[in-house]
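User: I would like to go through the aromatic contacts here. Could you take me through them?

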Amino acid sequence: MSFFLRNFEVSFAHTFELPEINSCVQGLSLEYHIRDISYNPPRLTPSPTLHELPRGKAVMRPKSSFIDLPFPPLTFIRAHWKFIDMLLGYTDGMNDIRLFEQVLDRTHTLEHLVVEGFRHFHMRRDILRSIAVHAPKLKILCLSEFRWFPSFSHLVLEDIFDEWMIDFVSMNVPPLQLDRLCLRNFSSKGTNIIQLVVLPSPCLDLRALRYLAMPAKDLLTALNSERFPDLGRELIHLTITNLNMSDFRLQPKLFPKLKELQLFVKEEFPLLNFVQAFTKHWSPTSTTLDFHINFEDRESEHQGVDQSDNALAGVLEEINASIVDPAIHALIRKMSKLYGNTEITYGFYVSMDFIQADGSQMQRSFMRKAFPLSFATGCLRWRERRLLEWWFE
């Protein structure tokens, strides 16, 4: 068996060395385990035995030789830090940061980078500097599951960040002019990496940011801070994750160009308060506005349900639709009343982590039962959750 695997690895590596093959590879996902990239949550209809993978994508678990393969047109890399740690066993005296920089150096066309699971962000490991220096053409950056370790006092942290800034400026490397930034699943314990490290980093220029995804609490803190006065000025697309704050409000004047707003919610009452406040205070900021609500999975007992009636009953209970539906309906009515005779267009969409409705008829049937008031307006539509995650595409 081992002989067969070695031969397979050699054949695999040789295949990707062929110019007609490697010239076609535009994205690379470095995983430490195989994940279900087709994303198939429980359905309202019995699931088929086999699902197709998304077109143009494949799942592989390569070894160190994969890093040395040339991919000239590579524009996208998604790297989990556990994979970087795994590769250290194949290197001679190289630390994980340097290995990560070597991965970035493999392409000069990288525009989209996702880094997951960086659990040891500390004074000697400024990964943002590594990204700015070794991926200078980057336009889209997603950082997920980051944690600062170990914890320091605020004064010590300020000294560290001052040293980082001096070091970066001395390199004469321009900061990354990001078009899109996603910050998700950061550790809530210890140092607030988003507020203290990422947003004020000299390695990132966020003045022209058009897409932003950030937890509600961190977004509210940033918007209320004098350090980031222009954070929302150029935004056309805003994703608010972890909407669990009952007092969260969006001020229209801070987002003059906003065209799409996405909410990731688990609890219905913060959503209810947000929608009611949005309905009351929002004023048109552009010629279009799409409003999308994604109901996240609470890891409830509805996992694995595949019978239509049972799944629907579970979903209605899960999202407390009887509370949410009237608020969404009121927002739709206001938008229609204010902008129905103008050039402003708007759309309202829902999706759910824990259910998937196949086909337009099934989607319409589900929305009619879950959101009867909103559905009756003709404005509420279904949009698959995976279409929200621009940071992974």
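**Aromatic contacts**

Analyst: The structure, which is a predicted model, holds 15 aromatic pairs.

User: How are the rings of Trp81 and Phe118 arranged?

Analyst: Trp81 and Phe118 pair edge-to-face, with 4.7 Å from centre to centre and 75° between the planes.

User: Which parts of the chain does that pair tie together?

Analyst: Trp81 belongs to helix 3 (residues 81-87), while Phe118 is in the loop between strand 3 (112-116) and helix 5 (127-134), so the pair ties together parts that are 37 residues apart in sequence.

User: Is Trp81 buried or exposed? And Phe118, buried or exposed?

Analyst: Trp81 has a relative accessible area of 3% and is therefore buried, as the cut-off is under 20%. Phe118 is buried too, at 0% relative accessibility.

User: Moving on, what is the geometry of Phe278 and Phe291?

Analyst: That pair is tilted, because the planes of Phe278 and Phe291 are at 55°; the ring centres are 5.3 Å apart. Phe278 lies in helix 9 (residues 268-281) and Phe291 in strand 11 (residues 288-295), so parts that are 13 residues apart in sequence are tied together. Phe278 is buried at a relative accessible area of 4%, and Phe291 is buried at 3%.

User: Which residues form a cluster with them?

Analyst: Phe278 and Phe291 form one aromatic cluster with Phe248, Phe274, Tyr346 and Phe348.

Note on methods. Residues are numbered from 1 along each chain as its sequence is written. This is a predicted model: local features need pLDDT of at least 70, side-chain atom pairs count only at pLDDT 80 or more; totals for chains, interfaces and linings use all residues. Side-chain values use heavy atoms; hydrogens and water are left out. Rings of Phe, Tyr and Trp (its six-membered ring) pair if their centres lie within 6.5 Å; planes under 30 degrees apart count as stacked, over 60 as edge-to-face and the rest as tilted. Helices (H or I, at least four residues) and strands (E, at least two) are DSSP runs, numbered from the N terminus. Buried means under 20% relative accessible area, exposed over 50%, partly exposed in between (1.4 Å probe, protein chains only).
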